[in-house]
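Hello,

Here is the structure I promised to pass on.

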Amino acid sequence: MRFQLFVVLLVVLLTVPAFAQVDPSGEWAPRFHEDQPERIPGPEIGDYLGLPINDAARLRADSWDASLLTLPEHQCKPHPADYSPRGPANLRITKEVDKDSQEIVAFHTHISWQAPERTIWMDGREHPPDFAAHTWQGFSTGKWEGDMLTVTTTHLKAGWIRRNGVPRSDRATLTEHWIRHGDYLTLVSIINDPVYLTEPFIRTTNWVLDPRQQIAPYPCDAVVEVERPKGTVPHHLPGTNTFLSEFPKKHGVPEVAARGGAETTYPEYQSKIRPSAK
Amino acid sequence: MTKKRVLFPSSQRKTGYAERSEGADGVVSSATYSGRTDHPGAPASIKLSRHPSSASSARRGILALFSSVVLLGLSTGLACAQRNSEIHVLHVQGSVYMLVGAAGNIAVQVGKDGVLLVDTGGAQMTDQVLATVKQLAKPITNRPIRYIINTHFHPDHTGGNEKLRAAGATITGGNVAGNISDATEGAALFAHENVMKRMSAPTGSAAPRSSGAWPTDTYFGDKKEIFFNTEAIQLFHPNSAHTDGDSIVFFRRSDVISTGDIFMTTNYPVVDLQAGGSINGVIDALNFILDLTIPAEKQEGGTMVIPGHGRLCDEADVVEYRDMVTIIRDRIQDLIKKGMTLEQVKAAKPTRDYDPMYGSTTGFWTTEMFVEAVYKSLSTKK
């Protein structure tokens, strides 16, 4: 009996993965208690609060005109991998398992808005060479760090940090930590962009397990929404965007804080601007 | 690199694991994946264990190359790197490959009828380019380089013209005296007629380039058509863009465009005013490229675009670049309208939000040179 028990225990122990792993697979409904004004109504023009951006990013955002999105070639862009979890992000995670070894080959994610499909390779493969194409979802590889799935993504197309024109370059890399606590899923994402950020940009996003969730298809058909001369690219010339002042006025935010920058992301910045706050 | 005899389903290939094809058993020589992305145009990088001094290694390299070609049908893209050179090969799609590392990018179309090259890179890398093209073509065809197309005349794209043309053979007709093979010496070299003008010189003057590098066939007007390797290939000539002799090459069946230096991911567009270029011509040409490209889904994939320099792209990348060039053109145009001098425009730094991406203070094409070229291009009365 003792021997049989030993064998059973041995089998159980041998079938436990070498590292602790918590399966994130499932249907996940987004929660918007973090950054709701930015994520659902959408960010206001000129709101760069809390973004560690440089002057170049600031000018690009100041020049951005939402009319750009009416151009047919801009209409069907999905959010890139670093932004799509922030939007209307009903999320499905599935895992791909090798039938022989039972090792996890990859996780696949599907998000509701514009239906971006993403693969997170778990099989140790290398990232592509520099001269390979970039995609909206980039090239992702994952590894377990205890119960936490850590994902590294490269080869992203040029995208956005905030969807009011704050840019993120195609040289950026994304590091993510996916953490599941029972029916809750938390994503910690860290963007490093040598072009437009002076510090890593970190944010968190949360979901709740929703087994009844069904994500609808999201086809996209680009059309001419506004007739314009060929080659027109809507934008604001430097110094002409009159909308930039609306956000700080409306919310009583000091203009200097609304312009963002690494310094504005730290708590001590509040004491620095308090005298000027109105 | 460790090799293991392991069979993986097509979506489960991994670094260090060799394979022949989806569903096939066993290992093929020394071809090893160093990364398959399964996204458009970006999949695997294959390193060939080829050492020139070792015949057996060379054979393994060739076998590896063969295996890589077999895999082409299974993957959406493929890259291979030869250890004996710095030329990298990326399978774009269909019959078209992109060669990286020879100064300007080179597009290679390979099929049963032979090889067609778009551009020939810098002269210093020609031997490596030729060796790479031969390796690439050998499993597919025993026919030579038949055609070379020059997207423009600059030496980083035409430096290999003479050697690569000499390594090829033209399909020719007409009356031939003596041995018919004599008449086929060298590949045909196509370009817009202004490329010929830039490379040659009137009788009695010294030509900038030796005659062996000149086009053998030129076209005028706005387009030329070729049918090769069961594929329609269109050459479009944008009027006064990067130079006055540009050609955009569109492989219709493969759905790949080679743009020359009208489009690059590495720096601001080079507007060669002395060679007939103009900023508005560059923007018109970028918009023309966008007319040709059709993304597969959600602004991704579909028509792939090989830039003159930099990484493989698709429509969305050209859109990003077109937007940038247009916005900067508009800013400088506005400053000119306000009566600013060139120095005042430079001081206004109209490119400063894009400088971390495309700008440079050193090298052959600095940000200041770009701003100056745009200013002069817009200030020139037509």
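Below is what I found, starting with how to read the model.

This is a predicted model, where local features need pLDDT of at least 70, side-chain atom pairs count only at pLDDT 80 or more, and totals for chains, interfaces and linings use all residues. Residues are numbered from 1 along each chain as its sequence is written, while chains are lettered from A and ligands numbered from 1 in the order in which they are written.

First, the contact between the chains: 41 residues of chain A and 44 of chain B take part (in contact means C-beta atoms, placed from the backbone, within 7 Å). On the chain B side, α7(B) gives the most, with 11 residues (helices are DSSP runs of H or I, at least four residues, numbered from the N terminus).

Just after α7(B), B:G339 has a positive phi of about 85 degrees.

Then the largest nonpolar core: it has 89 residues, and B:Y97, B:L99, B:V108, B:L286 and B:L312 have the most contacts inside it (a core joins buried Ala, Val, Leu, Ile, Met, Phe, Trp, Tyr and Cys residues through C-beta atoms within 7 Å). Its largest share, 10 residues, comes from α7(B).

Best wishes

Terms used. Two residues are in contact if their C-beta atoms, placed from the backbone, lie within 7 Å. Helices (H or I, at least four residues) and strands (E, at least two) are DSSP runs, numbered from the N terminus. A residue is buried if 20 or more other C-beta atoms lie within 10 Å of its own, exposed if 12 or fewer, and partly exposed in between; C-beta atoms are placed from the backbone.
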